[in-house]
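Reader: I am new to this structure and would like to learn how to read its features. Please take them one at a time.

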Amino acid sequence: MIFLVLLRRLAEMVFVLFSISVLVFLIFFATPGADPAARIAGRGASPATLAAVRHAFGLDQPLPVQYGLMMKHLFITQDLTSFVNPGQLVIPAVLQAVPVTLSLVFGAAVIWLIFAVAIGVTAAALRGSVIDRSLMFLAMAGVSMPVFWLGEVANLITQARFHNTVLFSWVPALGYVPLTQNPLLWFKSLVIPWTVLAVTYIGLYSRVLRANLVEALTEDYIRTARAKGLSERQVIFRHALRMSLITLVSMFGLDFGALVGGGALLIEVVCALPGVGMLTYQALQNLDLPFIMATVMYGAIFIVAANTVVDMLYLLIDPRARGAR
Amino acid sequence: MTAPILIAENLSKTFHAGRRFGPGGRQNIQALSNVSLKVYPGETLGLVGESGCGKSTLGRTLLKLYTPDAGKIIFQGQDITRMSERALRPLRANMQMVFQDPSASLNPRRRVGDLIAEPLRVHNYGAREKIQARLEELMHLVGLAPEHLSRFPHEFSGGQRQRIGLARAIALNPSLIIADEPVSALDVSIQAQIVNLMADLQEQLDLTYIFIAHDLAVIRQAAERVAVMYLGVIVEIGDTDTVMLTPAHHYTAALISAVPEPNPAARRARTILQGEPPSPANPPPGCRFHTRCPAAQGRCKTERPELRPYGENREVACHFPL
Amino acid sequence: MKTIWLIAAALLAVMQAAHAQNHRGGTLKLVAASSDGSIDPQVNYTDQYWQLFIVAYDGLVAFRKSAGSSSNDIVPDLATSVPAPQDGGKTYVFKLRQNIKFSNGQPVTPADVVASFERLFKVNNPNAGSWYNNIVGGDKCLTAPATCTLPDGVVAGDDGTITIHLVKPNPEFLYQIALPFGAILPAATPPHDMGTIPIPGTGPYAITSYDPQKAFILQRNPYFKVFSPEAQPDGYVNEIDFEFGVTGENAVTAIENGQYDLDMDPSLPADRLAEMSTRFPRQIYINPLLADYYAPMNVNIPPFSNLNARLAVNYALNRRDTVQIYGGKNLGVPACQILPPGFPGYQPYCPYTKNPGPKWTAPDLAKAQSYMQKSGMAGQKVTVITDDEGVDPALGTYLGSVLNQLGFVATTHVLSANIQFNYIQNTNNKVQISITLWYDDYPAPSDFLNVLLTCGQIHPGSDNSVNIAGYCNKQYDAKVQAALRDAITDPAKANTEWAAIDKQATDAAAWATLFNPKQLDFVSARLGNYTFSEQFHLLFDKVWVQ
Amino acid sequence: MLAFAILIVIIAACLAAPWYAQNISQSDPFASNLDGSITLAGQPVDIMQSADTGFGVTPIGPTWTQKYFLGADDQGRDVAARILFGGRNSLLIAAGATLICLTLAGLIGIVAGFSGGFVDSILARILDILWAFPVYLLAISLSAVLISRGLKLGPVTIDSDSLLIPIAIIGIVYVPYVARPIRGQVLSLARSDFVLAAVCLGVPRARILWKDILPNVITTLIVFAPLMMALNMLTEAALSFLSIGVQPPAASWGTIILDGEGLLYTRPAVAIAPGLAIMLTVVALNFLGDGVREAFDPRAKIRVQK
């Protein structure tokens, strides 16, 4: 049965990806200043040269044929090359960027989960108190900050204003150092981006967790647990938290997928991390269709895959979902 | 006997649950299978059975809220089975429904007056003043104060809400009301009030009821005739007293014996049903009850018993009736 | 006396050699925000990569590798001497040097030269249709690049001579083949854009790897021996690493910390200039560029189809403000005319100023307003198209503000730097006014006055229509042709003609020239022997890092 | 309701922008002022201050006086006045996009959920596609096209510098986020007893939609409104920061952050102030959203009744 579901999901995914690729393709060709031939040929090329380039790159073919060729190069022969950096293979470039994005998102995820659970549980345990209210206000502030702005401010503080103080003198210059090259530097160079990226999610998750916990604490089974003489802490940790985490897990799946799929674009740009988001950003800046296509496909795959995984998890966790839908 | 107000002939209805390639695949749930029924003017026909047996589906199909896959519905001599919603609209005034959960069937965002006036407006009852007068009259009929017209449903108790539901149902002077478990969501004391109110209204307004319930006690109180359903099939139909006292179908017997008897002396040997009812998605062949029937024999497994007359005013679908 | 001189000379030579020995070695580390396309020298048309190509490839002739204006001179490179034109300027005979090897060990032969010229067409060189098609057979190659041969155009003789025949005389031919496009490559080089795959060359360095996401690396060419010190001296550093992915602010910090030697991006972050100049004054080099920052105005669509409107803009522009935006008075010189200072044919000329004369002093707002009134264009909507790189958005915003003050209703659109230059050229986009920058390709006035302002450079509907203003004047074109003809026989006369043409173009006000920018290089503390060529900027084979 | 009060103050302040520019800062926040000067403590001070070395020009920093309260940007314009003007655009775009998003999402959700069948499948597919399209990629791609060429759709022509473009783009990208829950709600409403009851009463479908379904959907949309507006505000800032939102000389908080990015090391106030403005507004909107949800959400109400 699971196999059938997967099959159906796969078909849906292919359809969605196909539509997105067509959309991207059309948007690109509708964009002025995006004549790839002119950019491949270089500045000042004469019309005859332009025509020759157009022919050499198959850009004089009808759009559907061009689309088909591009898809063939992207998925079948996997030798799609850039329009802007001729000869540059698209797929290795994306694969090269993935570890950067994964490093960024993984680290941030660890931070945000730890802090969100800590804050959420604290606030729920102390619900109604001043601490609860301040924590929730801070969480809301975290959700409400433009992430690129926070990144800029963090850079200002750690790279310039207070770089020479004890507090931030350890912060290396912006950029990415591969884990394999220098683990310590890898860690140091990612701490600030991790924190910046985590702030929004800490806010979001801690608020959701607190709300769930508070609601769970009014449920019957919690009352039973209390009646059995369990302490408040035991009630929260053994019972309420376990149920509330299910919501968090599904949120986490979707957010993680979106971020790995290129959602961390702004933070990568601001912190100069050469991840998938940065690659996407540059491709869009360059209007480099092969790259745009590859990164959008990659991002969409992650988003759809994350959706599927979350749905599957739901099926596993919650048997009721199986009959329904 | 007068002509039936409503005739159902061989109604079948199958629901499709799930998507073809969805989790669990596509399921065909046969909610009604060859159901035939006649309802006579002025009577109350009880419809009883376990939950999931298709009685609500039958009620809704009779009102064309669901379109049957096969069979015929004849209401006041007109075949409404294939009628368009537009053509049906005038007839809707004559057939109404009362729902189980009045808090769900009354839009919580609309005022009571608005809710009750809805059918009047839709069927062009008349000018605003005329409607207002009718509203007050209706409130009076169901035992509510006219001042309550401007309130929202959630400001009422369950029983009061069901009265509102009744007021809306009778607003257009229908001939037939299908009441789908109208009291099962209510406290027992309130149940009796509503059942009595319905009886009063029946008398005053010359109503015909189909009264759906899973509670035999309520049926016994409210209905003159009763139809017993099991897995989308009517297994027994007849006068309430006859059916209750001398059930002919083994399922009816089991159902009745499950009811706690207030008088210990009258306690009979109880037929306890074994196991869960089979899934309507995959009903057993032959007699649908044979998997749980104490008297089942080989024939029951293959041959489906038809509803056949059995005594006076009674029909039973069983190869080996009691 | 003589002996003393000899001893002194010998001593000096030894000292110099020791000097060279001391500084030899190390890795020059360059950095930029992003890569710049193909590393095929016959394809890539960017200043950044040209700067690297000239230490890896040679043409028959080259620009002299030296500081100052002598860097505009043509010197022999793979050819033994710079040939004088024959046959009224239609024939050039080169003699190829012997015993020169490519970085893959193969010798350079006349066949390589012939193949390299044919390859220009096969790879669709951007100037194949505007420069090199003047070689006999070039036009045919243009229509069928794949099968291009130049049997009557580039002829290899038995004695190691190469004879090139042109369709018509061209005073700029030697310049055109001295650029990296004219690089002589092995005949076996595949006849398509090699993209990211290095091609062997003859310079002191050879490209060893290129990843547009990461780095461009050159190492010493083991087969290189100095054959023409003026054109191709030996380099000091052993390796040149050019890394990508570090943007302005971070690059400055990294150079301050000595992690890199030079930021290759054209403009440095404006808000760091003051800090750099006060903290690290000795690491800053300023050199004038043969370039114009200008605002081309489309003379074919309103409101700038009206001469008075164009004049109004020219009079109203406070060019000092634009220099302020660019980074201050030391980084740019206000200008009104087309040709940059120091260019052949340059005669200082500025009509659009308070006191018209050779120099711009201040805007003349009264005149601007009166021209504006005459134009009747007040209230017209105008969109300034600028790019998002460096100070360009700020210049665009400023221009918009000036237009608004004049009475237009102006907004500024910021497009990605990677598309803006193509976008403003395409007539379909109906760009009214924009901000752009033009560097010379080589020191000939035609590179501005012919390329940017003649009818032949307008290609409607194409992304390559470099006469952005769409200025087309038959009489002007005739003058340009005359000057081009005279340049072959009488360069001095031609320069006088160019000065007049410059004046005419300036008066037509198809542009509002803003200023001539200067190149600010912020280098690491260890970088020495900074040598700035007017053609190719910092020469990497001249600098040392230890 | 503190949140609401804060919002009102912010909106009022932004509405007062022209008054501020005219009477307090006395400068045109849209005109470059590169060679102007002001008098500070009796001394004339250049607005754009050239470094002694002749390299680099630094705008004046916060004066904390009525003129150039927060200093100048790289065009010598009064940042405080620009923030007030920018706030108008930021709020307008966020509100406009919210309106578009909710209208579209409501329509799609209702049509999909209520008509079911083929139409529903088509609409659900479209939502799936938009959903899987990474938000920023979609926004950036659309902006790249629209900002540079404007939009011509039959009789409708939108100038490329029109605020409608960012409004439309931001409005569209979040449609699936709202349309999906709305569709779900309509689906369950369409199967609810009270809709069945209405059918039974012979109420025409259109009237059921209008009287029974729409009011419920609108309530949900109202609950969504402040939250979407907060989200749109952040998105607008991000797009403008990538210079594909509001185009100069018009300003929004996002473009001012972008202006400030180039001055981050010397004049951080230019970038920090609009960021704080965004944060304050979005916090207020989010709290307002919580308030609205508590006021409207039936579950919350039941809890109150208990």
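Author: Start with a definition: a salt bridge is a side-chain nitrogen of Lys or Arg within 4 Å of a carboxyl oxygen of Asp or Glu. The model here is predicted, and across the interface of chain C and chain D that rule finds 0 salt bridges.

Reader: How many residue pairs are in polar contact between chain C and chain D?

Author: The count is 7 residue pairs, both residues of each pair being at pLDDT 80 or more. Among the elements of chain C that each supply at least two residues to the side touching chain D are α7 (273–279), α9 (319–326) and β15 (409–415).

Reader: How should I read the size of such an interface?

Author: The size of an interface is often given as the accessible area lost when the parts come together. Between chain C and chain D the buried area is about 2700 Å², and carbon and sulfur atoms give 51% of it. On the side of chain C, 21% of the buried area comes from C:Asp271, C:Gln324 and C:His413, more than from any other three residues. The contact joins 36 residues of chain C to 30 residues of chain D.

Reader: Which chains have the most contacts among the 5 pairs that touch?

Author: Those are chains A and D. Their contact takes 41 residues from chain A and 40 residues from chain D. The area buried between them is about 3700 Å², with 77% from carbon and sulfur atoms. On the side of chain A, A:Phe148, A:Trp149 and A:Glu152 lose the most area to chain D, together 16% of what that side buries.

Reader: How many salt bridges does the rule find across the interface of chain A and chain D?

Author: It finds 1 salt bridge there. D:Asp290 pairs with A:Arg207, and their closest N and O atoms are 2.5 Å apart. Several helices of chain A each supply at least two residues to the side touching chain D, including α1 (2–30) and α8 (183–216). Of that side, α1(A) gives the most, with 9 residues.

Reader: How far apart are the nearest C-alpha atoms of chain B and chain C?

Author: They are 43 Å apart, and the two chains do not touch.

Reader: How do I read a helix?

Author: An α-helix has 3.6 residues a turn, so residues three or four places apart point the same way. Take helix α14 (residues 474–489) of chain C, whose buried residues include C:Tyr476, C:Val480, C:Ala483 and C:Ala487. Helices α13 (446–449) and α15 (491–508) of chain C are among what covers the buried residues of α14(C). At the N-terminal end, C:Asn473 caps α14(C), with a side-chain oxygen 3.0 Å from the backbone nitrogen of C:Gln475. The 16 residues of α14(C) reach 24 Å from first C-alpha to last, close to the 22 Å expected at 1.5 Å a residue.

Reader: Why is helix α8 (residues 193–200) of chain D largely enclosed by the rest of the structure?

Author: Because 7 of its 8 residues are buried. Among the buried residues are D:Phe194, D:Leu196 and D:Cys200. Just after α8(D), D:Gly202 takes a positive phi of about 85°.

Reader: How far should I trust the coordinates?

Author: Where pLDDT is low, the predicted coordinates should not be read in detail. In chain A the mean pLDDT is 84, and 95% of the residues reach 70 or more. Over residues 320–325 of chain A, however, the pLDDT is below 50, and that stretch has 9 contacts in the model beyond near neighbours in sequence.

Note on methods
Residues numbered from 1 in each chain as written. Chains lettered and ligands numbered in written order. Heavy atoms only, no water. pLDDT = per-residue confidence, 0-100. Contact = heavy atoms within 4.5 Å. Helix = DSSP H or I, 4+ residues; strand = E, 2+ residues; numbered from the N terminus. Expected span 1.5 Å × (residues − 1). Buried < 20%, exposed > 50% of the residue type's maximum accessible area, 1.4 Å probe, protein only. Polar contact = N/O pair within 3.5 Å; in protein donor to acceptor, adjacent residues only side chain to side chain. Buried area = accessible area lost by both parts, 1.4 Å probe.
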